[in-house]
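Please read them with the coordinates open beside the text.

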Amino acid sequence: MQHTIIKQITTSKNTLDYFHFGEGIRTLVIIPGLSLKSVMLSADAVVEAYQMFAKDFSVYVFDRAQKLHPGYTIEAMAQDTAEAMMELGLSDCCIFGASQGGMIAQRIAISHPNLVHRMILGSTAPILNEHSRQLISKWIESANQQQVVSLNHSIFTHLYSQQTLSLLADQIALAEQEGSPEEMARFSILASACLPFNSTKELSQINCPTLVIGAKNDRVLGAEASVELAKHIQCELFMYDGEHAVYDEAPDYKNRLMTFFIK
């Protein structure tokens with residue numbers, strides 16, 4: 001099995017890990033959501049899951065900055081990602097941002113419109129509601145107290161459907177045990193950035209073609225978050241009958257991405 005090569009790109013303030021696959025003439029940037037484990041550890045799985053894009057797109061997947069500090073914001077994440085894209089010579093890209101990655105994508109489209117050709121925002125929000133604020137605050141507390149099992153259990157059970165949880169019960173039980181003190185501290189900083197995030201007043205500045213994809217049973221951010229996001233941007237909205245991680249679960253999700261991006 002071929003292993004994906006993890007690379008690094010240094011911006012004015014930070015260094016980011018990323019990986020790249022595909023040789024298409026179009027560029028697709030994927031910005032993943034909040035996770036206790038770095039997406040770089042799942043690079044091979046991501047490449048396999050998005051292999052259908054490899055012919056038409058040159059695909060880049062970015063992690064958050066390597067060195068984080070308390071108070072690190074979504075806006076700073078977006079700036080770091082945008083600078084990494086520019087350092088790599090990317091522009092006029094298709095961007096798919098999921099969950100927190102969708103918050104980052106919003107900020108990139110607002111602050112660096114030349115980088116974005118078309119954008120899909122999946123299971124994300126322009127601002128947290130009271131439920132999501134309380135849930136993420138509990139995750140931060142668990143991370144700060146090094147409660148790795150309870151944190152992972154809450155994340156998995158809120159992101160995925162009961163069908164997936166039952167089907168992958170053994171793997172999830174093992175995964176719930178995993179999380180180093182360093183990963184917990186990093187997660188706490190990243191999760192804390194969601195709490196003050198509010199892009200509602202600037203979403204009207206987004207002028208690239210945008211599709212918001214939400215889930216009617218999103219138990220992390222709520223279905224209304226996607227509806228509100230699309231309303232502010234005045235863009236197309238599609239709602240699945242699914243959970244927050246519908247981007248992993250819906251069998252036609254990636255086909256929907258492809259259809260929108262190749263227009």
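1. Ser123 sits in the loop that joins strand E6 (116-122) to H4, where helices (H or I, at least four residues) and strands (E, at least two) are DSSP runs, numbered from the N terminus. Its phi is near 50°, a positive value in a residue other than glycine. Ser123 is buried, with a relative accessible area of 0%, and here buried means under 20% relative accessible area, exposed over 50%, and partly exposed in between, with a 1.4 Å probe and protein chains only.

2. This is a predicted model, in which local features need pLDDT of at least 70 and side-chain atom pairs count only at pLDDT 80 or more, while totals for chains, interfaces and linings use all residues. Residues are numbered from 1 along each chain as its sequence is written, and side-chain values use heavy atoms, with hydrogens and water left out.

3. Gln234 also has a positive phi in a residue other than glycine, near 60°, and lies in the loop between helix H9 (223-233) and strand E8 (236-240). At 73% relative accessibility, Gln234 counts as exposed. As background, most residues other than glycine have a negative phi.

4. Helix H4 (residues 130-144) packs against helix H5 (residues 148-159) at an angle of about 155°, with their axes 9 Å apart; axes are lines fitted to C-alpha atoms, for helices over the stretch in contact, and angles run from 0 to 180 degrees between N-to-C directions. The two helices are therefore roughly antiparallel, given that angles under 35 degrees count as roughly parallel, over 145 as roughly antiparallel, 65 to 115 as roughly perpendicular and the rest as oblique. Leu135, Trp139, Ser142 and Ala143 of H4 make the contact with Ser150, Leu151, Ser154, Ile155, His158 and Leu159 of H5, where contact means heavy atoms within 4.5 Å.

5. H4 also packs with helix H8 (residues 181-192), at an angle of about 155° and with the axes 8 Å apart, which makes H4 roughly antiparallel to H8. On the H4 side the contact involves Ile136, Trp139, Ile140, Ser142, Ala143 and Asn144, which meet Met184, Phe187, Ser188, Ala191 and Ser192 in H8.

6. How do the axes of H2 and H3 cross? The axes of helix H2 (residues 74-87) and H3 come within 8 Å and cross at roughly 70°, which makes H2 roughly perpendicular to H3. Ile74, Glu75, Met77, Ala78, Thr81, Ala82 and Met85 in H2 meet Gln100, Met103, Ile104, Arg107 and Ile108 in H3.

7. Arg107, placed in helix H3 (residues 100-111), deserves a separate look. Arg107 is buried, with a relative accessible area of 8%, and, leaving aside its neighbours within four places in sequence, Arg107 is in contact with Ile74, Glu75, Ala78, His112, Phe197, Ser199 and Glu202.

8. A search of the whole structure finds 0 disulfides, a disulfide being a pair of cysteine sulfur atoms within 2.5 Å. For Cys94, which is in no disulfide, the nearest cysteine sulfur is that of Cys93, 7.8 Å away, and Cys94 is buried, with a relative accessible area of 3%. Cys235 is likewise in no disulfide, and the nearest cysteine sulfur, that of Cys208, is 8.9 Å away.
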